[in-house]
Amino acid sequence: MMKIKQGIIGYGGMGSFHHKYIKDELSDINDVVAAYDIDPERVALAEKEGLTGYHTLEEFLKHDMNTVLVAVPNDYHKDLCIAAMRAGKNVICEKPVAFNVAELDEMLAVSKECGVIFTVHQNRRYDTDFNIVRKVIEGGMIGDVFAIESRLYGTGGTMFGWRGQKEHGGGMLYDWGIHLIDQILDLIKEPIVSVYAHLHHIINPECDDFFKLIIMFANGTHAQVEVSTYHCLPVPQEMPRFVAYGTGGAVRVDDFNGGGKVIQVKTLADEFSSQIKETSAGPTRTFAPRPDDVLITQELPEVKLRWLSYYVNYHKALNGVEPLRVQPQQVRRVMKVIDAAFESSRLNKSIDFVEDEFYK
């Protein structure tokens, strides 16, 4: 099969990270050959790492390559992606792909016009914690799921560099929210009916540093996503990274690497004798702990995945062997949720969600 022949726009932290892990572990399918950056020092570093360095976009796009990675601050994504696609290059864009659906639609139109691949580096579809939850749910271990919670907490409160600047698309909804929303929508296949969000500016006056998002689905399932850079109960010490509740039990995953358990319900409450129990809240029957013999606790299923699988899939898609794992219409759906979340927070109310025709 044809190898990926890749150039990188933006040889900063993320761009150089891509190069390193491709060079170390994916050289059999991917040759990173060139880099363009507006910072001469980053160009010099790229050249030191064996790449052809460019100081202008025009010269960079003349290089012989079939794929361009765009890894720059968010406000430059649209123009650079469009320029690369018009130069006949397939494009992988770092997330968030754009500021809104309108910008994304411009990019999708150009990809169709130019007949090139256009996708987004949603590498966290290959995270261990997420795929443990997926395996539990798809394996029917906890019955029909009615609620999912996904959270990420930090305690510092600081968003470094351009990630704390509104003009560059900073803030947690764009930064981490777009990953966690993508995971939820990849997991729950039901149509979305509404989106509610509240964005806080606790430390940073320009960008959200704490948000809560609730997505309601047509079958009654709801997903809650919460991200904070300024929180005093960091995962996993107090709050689990993922929780999913189903009619037959629940799954808890403590952090990105796993840890946690699956609890299955062996006997429903109305099938064993109820008793009033003394608890810290006082005597109760409704909230009395279940007898040990009506619950089954299991270890989490084993999952072995790596971020590198993103490029393995892209390589196969480039050669027409399998479809892209991250499809443009999926990217657009996530972006619509982001748009609705900003609108919900601005208006302080839930926003009705209308699915695109492709999803219906």
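The model is predicted: local features need pLDDT of at least 70, side-chain atom pairs count only at pLDDT 80 or more, and totals for chains, interfaces and linings use all residues. Residues are numbered from 1 along each chain as its sequence is written, and side-chain values use heavy atoms, with hydrogens and water left out.

**Exercise 1. Helix α5**

Solution: 
- Helices (H or I, at least four residues) and strands (E, at least two) are DSSP runs, numbered from the N terminus.
- At the N-terminal end, N100 is the cap: one of its side-chain oxygens lies 3.3 Å from the backbone nitrogen of A102.
- After α5 comes G115, with a positive phi near 65°.
- Buried means under 20% relative accessible area, exposed over 50%, partly exposed in between (1.4 Å probe, protein chains only). In α5 the buried residues include V101, L104, M107 and L108.
- Contact means heavy atoms within 4.5 Å. The buried residues of α5 pack against α4 (77-86), β6 (118-120) and α9.

**Exercise 2. Helix α7**

Solution: 
- At I178, α7 bends by about 40°.
- α7 is mostly covered, with 16 of its 16 residues buried.

**Exercise 3. Aromatic pairs**

Task: Count the aromatic pairs, then classify Y36 with F60 and Y174 with F342.

Solution: 
- Rings of Phe, Tyr and Trp (its six-membered ring) pair if their centres lie within 6.5 Å; planes under 30 degrees apart are stacked, over 60 edge-to-face, the rest tilted. The count is 11 aromatic pairs.
- For Y36 and F60, the centres are 6.2 Å apart and the planes at 35°, so this pair is tilted. Y36 sits in strand β2 (residues 30-36) and F60 in helix α3 (residues 57-60), 24 residues apart. Y36 and F60 are both buried.
- For Y174 and F342, the centres are 5.2 Å apart and the planes at 55°, so this pair is also tilted. Y174 is in α7 and F342 in helix α9 (residues 328-347), so the pair ties together parts 168 residues apart in sequence.
- Y174 has 9% relative accessibility, so Y174 counts as buried. F342 has 28%, so F342 counts as partly exposed.

Notes: The bend at a residue is the angle between axes fitted to the seven residues ending there and the seven starting there. A polar contact is a pair of N or O atoms within 3.5 Å; within protein, one must be able to donate a hydrogen and the other to accept it, and residues adjacent in sequence count only if both atoms are side-chain atoms.
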